[in-house]
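Please keep the sequence and the model in view while reading.

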Amino acid sequence: MTRLLVRGGTILPMTARQDIFTGDLYIENGEIRGIYPGAAPAELVGEANETVDARNKLVLPGLVNAHTHAAMTLFRSYADDLPLMRWLEEAIWPAEAGLTGDDVYWGTMLAIAEMLKAGVTTFADMYFFMDRVAAAVADSGIRGHLSRGLVGLGPNAEQALAENEALFREWHNGADGRVRVWLGPHAPYTCPPDYLKRVMALADRLGTGLHIHLAETRTEVEDIQKQYGKSPTLLLDSIDLFERPVLAAHCVHLSPEEQAILARKRVGIAHNPESNMKLASGVAPVESLRRQQAVIGLGTDGAASNNNLDLIEEMRQAAFLQKVHLGDPTVMPAYSVLEMATVGGARALGWAEAIGTLEAGKRADLILLNLAQPHLAPRHDLVAHLVYAARGSDVDTVVVDGRVLVRSGKLVGLDEERIMAEAQKRAIRLTNTVELAD
Ligand SMILES: [Zn+2]
């Protein structure tokens with residue numbers, strides 16, 4: 001039996017507003033068994049077979065990246081500063097056409113290495129060759145919420161749906177419960193209502209949820225409006241898509257009525273402020289959604305539109321973007337952004353019974369941030385430090401499911417050099433064949 005003791009840290013459990021105290025955390029077989037303000041009972045200290053020294057460290061739940069396409073790290077900084085459709089049609093899609101399962105495995109491994117080192121313990125992924133993404137999750141020790149991206153228009157619609165079902169049957173609750181599988185209808189503009197209804201029927205039959213892109217750009221909203229006489233959000237609502245667990249990425253262009261629908265139906269919203277800024281998609285109304293108690297998580301989107309997977313940086317940008325956009329420095333306070341990156345993301349992924357907070361009975365996904373650094377001194381408000389002053393590289397220790405995966409800022413058990421070399425080799429091969437017009 002593995003018994004891990006995290007000693008003497010400043011614990012931020014994210015269970016109650018601003019609850020923060022010094023204490024110990026005791027983990028047994030991957031589960032948090034007890035959190036002890038002050039110190040754990042002496043008999044537990046004696047039983048631990050591994051101890052993490054958390055003095056001068058902030059201990060908090062592992063971060064949840066609520067929306068990404070992990071293997072797109074292979075296309076990081078390869079085509080930037082282009083209009084969205086040119087970026088997709090001339091750069092990303094042609095490069096993606098050459099992807100193999102092995103490429104996706106190594107691209108995902110690169111993303112996992114980057115995310116773990118910056119404190120992300122769970123990520124929601126939508127891509128293809130998802131069995132290889134699941135293998136990367138299993139091999140690395142991270143937690144993954146995986147969906148096969150489904151495009152209803154085009155020749156692969158049926159095969160993709162069959163692959164998503166096969167992925168569910170092979171991997172849902174796999175890797176000791178670290179993998180969950182949802183279905184991944186890509187977006188209303190790539191999945192017509194008839195196809196969406198078939199995806200919904202399959203999700204209901206399997207007892208799982210849907211991960212979809214929604215209302216990301218103004219063009220999407222206008223096109224869907226033209227085609228169906230309704231906005232994307234109202235179109236999905238009219239076919240009752242929100243009557244099951246749904247993770248909706250972006251949700252940038254929403255009317256007040258649509259915001260109320262998403263809040264009321266408990267749709268998980270994955271807010272990706274850096275991707276939205278970089279692709280000039282717009283500013284999602286997250287402050288308004290937050291005030292309506294909507295379920296909101298924070299995501300990076302893929303590394304091709306970010307270009308990193310640092311969720312700590314994403315928190316800061318999320319807060320700053322709302323403040324400048326609304327002309328009000330009081331909106332999106334630090335704690336609310338931190339909630340989005342932890343417990344909010346866990347709720348959006350339908351995983352909050354197991355992760356997202358530090359509580360006895362939950363899985364032991366937690367991170368330790370090194371506070372003994374000039375840019376985190378002096379210590380006033382540690383939550384403000386974390387959201388406004390910290391960086392991903394401040395993460396010292398990462399524990400997922402009770403296993404230490406990062407120690408002293410270094411990956412334990414993953415060969416970082418090999419991962420970077422494999423990714424480099426594959427990225428060159430994939431992009432060499434594509435010629436970008438001036
Ligand atoms: Zn996306």
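A crossing of two helices is called left-handed if the near helix is turned anticlockwise from the far one by less than a right angle, and right-handed if clockwise. The helices themselves (H or I, at least four residues) and the strands (E, at least two) are DSSP runs, numbered from the N terminus. The model is predicted: local features need pLDDT of at least 70, side-chain atom pairs count only at pLDDT 80 or more, and totals for chains, interfaces and linings use all residues. Residues are numbered from 1 along each chain as its sequence is written.

**Helix 3 on its own**

- Helix 3 covers residues 101-117, which is 17 residues.
- From its first C-alpha to its last, helix 3 reaches 24 Å, close to the 24 Å expected at 1.5 Å a residue; the expected span is 1.5 Å times one less than the number of residues.
- A residue is buried if 20 or more other C-beta atoms lie within 10 Å of its own, exposed if 12 or fewer, and partly exposed in between, with C-beta atoms placed from the backbone.
- Because 15 of its 17 residues are buried, helix 3 is largely enclosed by the rest of the structure.
- Gly 119, which has a positive phi near 90°, follows helix 3.

- Two packed helices are described by the angle between their axes and the distance between the axes.
- Axes are lines fitted to C-alpha atoms, for helices over the stretch in contact, and angles run from 0 to 180 degrees between N-to-C directions.
- Helix 3 packs with helix 4 (residues 130-140) at an angle of about 40°, and the axes are 8 Å apart.
- Angles under 35 degrees count as roughly parallel, over 145 as roughly antiparallel, 65 to 115 as roughly perpendicular and the rest as oblique; helix 3 and helix 4 are therefore oblique to each other.
- Helix 3 passes helix 4 in a right-handed crossing.
- On the side of helix 3, the contact is made by Gly 101, Val 104, Tyr 105, Thr 108, Met 109 and Ile 112, and on the side of helix 4 by Arg 132, Val 133, Ala 135, Ala 136 and Ser 140; two residues are in contact if their C-beta atoms, placed from the backbone, lie within 7 Å.
- By class, this contact has seven nonpolar, three polar and one charged residues, where Ala, Val, Leu, Ile, Met, Phe, Trp, Tyr, Cys and Pro count as nonpolar, Asp, Glu, Lys and Arg as charged, and the others, Gly among them, as polar.

**Helix 3 with helix 16**

- Helix 3 also packs with helix 16 (residues 416-432), at an angle of about 130° and with the axes 9 Å apart.
- Helix 3 and helix 16 are therefore oblique to each other, and their crossing is left-handed.
- Asp 103, Trp 106, Gly 107, Met 109, Leu 110 and Ala 113 of helix 3 meet Glu 416, Ile 419, Met 420, Glu 422, Ala 423, Arg 426 and Leu 430 of helix 16.
- The residues of this contact divide into eight nonpolar, one polar and four charged.

**Helix 14 with helix 15**

- The axes of helix 14 (residues 334-348) and helix 15 (residues 382-389) come within 9 Å and cross at roughly 70°.
- Helix 14 and helix 15 are therefore roughly perpendicular to each other, and helix 14 passes helix 15 in a left-handed crossing.
- Helix 14 contributes Ala 334, Tyr 335, Val 337 and Leu 338 to the contact, and helix 15 contributes Val 383, Ala 384, Leu 386, Val 387 and Tyr 388.
- The contact of helix 14 with helix 15 has nine nonpolar, no polar and no charged residues.
- Leu 386 of helix 15 counts as buried because it has 25 C-beta neighbours inside 10 Å.
- Not counting residues up to four places away in sequence, Leu 386 touches Leu 58, Leu 338 and Leu 369.

**Backbone details in loops**

- The peptide bond from Asn 306 to Asn 307 is cis, with omega near 10°.
- The peptide bond from Ala 377 to Pro 378 is cis, with omega near -10°; Pro 378 is found in the loop between strand 14 (366-370) and helix 15.
- Asp 81 has a positive phi, near 60°, although it is a residue other than glycine; it is exposed, with 6 other C-beta atoms within 10 Å.
- Met 332, in the loop between helix 13 and helix 14, has a positive phi near 45° and counts as buried, with 23 C-beta neighbours inside 10 Å.
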